Every structure is written in C-alpha cells, then in structure tokens.
Amino acid sequence: MQSRLISSVAAMAIGLTLAATLAGTASAQTATPAQTAASKKALADTHKDIQATLGVLPGFFLAYPEEGLPGAWAAFKQVQVAENTRISPKMKQLIGLAVSAQVPCSYCVYFHTQVAKAYGATPEEIKEAVALAAISRHWSTVLNGMAIDMTSFRSEVDTSLRVAAERAAKK
C-alpha cells in the first residue's frame, strides 16, 4: 500500500513537472520580440527601482526568476517596505520576525530584526514577538494534533471575549 502511494505521488509530481515545463516552453516560444523587449525593459526598470529604494540591488533579487521579479518586487515594495500602510513599519517588522522565526529562515530573522531595530523596536519587543510566535506554534500544535473541534473552539473564544468585554464595561 505504502509503495503504491509513493509511486502515485511520484507519478503525479513528474506529471506536474512535465506540464509546467511544457507550459513554460510553449509560452517562451510564442513570445514576440516586442514582448521580449518589454520584459527586458521591465526587468531593467525593476533593478533600478530596487537600487533606488534600498540603496543596493541585493543578490536574492538577482537570483529570482526574471519573469516574476517585477511583480514580486511590486508586492515587496508596496507591503514590506512601504511606510504609509495600515500597519506601522515597526509592527510589520515584528510580525515578519515572528513568522521568520517559525518558518524558520535565518536570513529573514536577521533582516526583520535589524529593520525592526531601525524603526525603534526595543530588545523587549523583539523578545516578545519571538515568544508570541513560539506560544502560537505551541498551541497550534496542541489544537491541530489533538483535532480539537473547531465549532466548540470558536464558541469558547467568543464566550471568553464576551466575558472580557463585560468585565471591561464594569471598570
């Protein structure tokens, strides 16, 4: 049974890889010279914008597939490094640090820690963000591993929040 499952998964992976390769080959063969020139210009413009925004063109952007970099950079710039968003820059970096600690990604941990500090995060805030990530991971493991009923869980959370609101109203 297990070897049949492994064979099926392997066949599916090979099929998906082949389909993706064929799709990539087909789209590359149908690109017109104008599309190719536009893609090259978009890439060059993206490189210039990264350099202007960050003061450097980091190697990880150069390692990214050229076709996807303009879109990936736009998302990075509009959410990750934008300062005028709904979440403060310091808070975004603390969230990024917490997630990075759980992924785990030492590159991202370094990046988010340094940028959070640049935005004024204290050592205590950095510790708290990482501790919150650890606590979330801990209870997520318990809840998922024990297959806690979602309907009951939501009801308990809602009850707890209602009680907290009632207590706050009495103060």
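**Entry 1. Terms and overall make-up**

I take buried to mean under 20% relative accessible area, exposed to mean over 50%, and partly exposed to mean in between. By that scale, K77 counts as partly exposed, at 31% relative accessibility. I note at the outset that the model is predicted.

I looked up the secondary structure of the protein chain and found eight helices and zero strands. Read from the N terminus on, the elements run α-α-α-α-α-α-α-α. I also looked up burial: 14% of the 171 residues of the protein chain count as buried.

**Entry 2. Salt bridges**

How many salt bridges does the count come to? I get three salt bridges.

I began with D45 and K41, which form a salt bridge with the closest N and O atoms 2.8 Å apart. Both residues are in helix α2 (residues 33-54) and are four residues apart, which separates them by about one helical turn. The general rule is that an α-helix has 3.6 residues a turn, so residues three or four places apart point the same way. D45 is partly exposed, and I read its relative accessible area as 35%.

I then went to K77, which forms a salt bridge with D49; the closest N and O atoms are 2.9 Å apart. This pair links distant parts of the chain, with K77 in helix α4 and D49 in helix α2, 28 residues apart. I list D49 as partly exposed, with a relative accessible area of 25%. As noted above, K77 is partly exposed too, at 31%.

I turned to K90 and E125, whose side chains meet in a salt bridge of 3.0 Å, N to O. K90 lies in helix α5 (residues 89-102) and E125 in helix α7 (residues 123-145), so this pair ties together parts that are 35 residues apart in sequence. K90 has a relative accessible area of 22% and is partly exposed. E125 is partly exposed as well, with a relative accessible area of 26%.

**Entry 3. Aromatic pairs**

I counted four aromatic pairs. For F60 and F61, the ring centres are 4.3 Å apart and the planes are at 35 degrees, so I record the pair as tilted. The cut-off behind this is that planes under 30 degrees apart count as stacked and over 60 as edge-to-face, with the rest tilted.

Are F60 and F61 buried or exposed? F60 is exposed, with a relative accessible area of 53%. F61 is buried, with a relative accessible area of 5%.

F61 also pairs with W73, and I record that pair as edge-to-face, at 5.4 Å centre to centre and 85 degrees between the planes. It links distant parts of the chain: F61 is in helix α3 (residues 59-63) and W73 is in helix α4 (residues 69-80), 12 residues apart. W73 is buried, with a relative accessible area of 3%. I put F60, F61, W73 and F76 into one aromatic cluster.

**Entry 4. Helix α6**

I checked the span of helix α6 (residues 106-118). Its 13 residues reach 18 Å from first C-alpha to last, close to the 18 Å expected at 1.5 Å a residue.

Which residues of α6 are buried? I find H112, T113 and A116 buried. Seen down the axis of α6, the buried residues fall within an arc of 100 degrees, so they line one face of the helix. On the other side of α6, I find Y107, Y110 and A118 exposed.

**Entry 5. Backbone exceptions**

Most residues other than glycine have a negative phi, and most peptide bonds are trans.

The peptide bond from V103 to P104 is cis, with omega near -15 degrees. I place P104 in the loop between α5 and α6.

A147 has a positive phi of about 50 degrees although it is not a glycine. I find A147 in the loop between α7 and α8, and A147 counts as exposed, at 63% relative accessibility.

**Entry 6. Nonpolar surface patch**

Which residues make the nonpolar surface patch of about 570 Å²? I list M146, I148, M150, F153, V157 and L161. One of them, M150, lies in helix α8 (residues 150-170). M150 is partly exposed, with a relative accessible area of 48%.

Notes:
Residues numbered from 1 in each chain as written. Predicted model: local features only at pLDDT ≥ 70, side-chain atom pairs only at ≥ 80, totals over all residues. Heavy atoms only, no water. Phe/Tyr/Trp six-rings, centres within 6.5 Å; stacked < 30°, edge-to-face > 60°. Buried < 20%, exposed > 50% of the residue type's maximum accessible area, 1.4 Å probe, protein only. Helix = DSSP H or I, 4+ residues; strand = E, 2+ residues; numbered from the N terminus. Patch = residues over 30% accessible without salt bridge, like charges linked within 9 Å, V, L, I, M, F, W, Y side chains within 5 Å. Areas by Shrake-Rupley, 256 points an atom, 1.4 Å probe, with all protein chains shown as cover. Salt bridge = Lys/Arg side-chain N within 4 Å of Asp/Glu carboxyl O. Expected span 1.5 Å × (residues − 1). Arc of directions from axis to C-beta.
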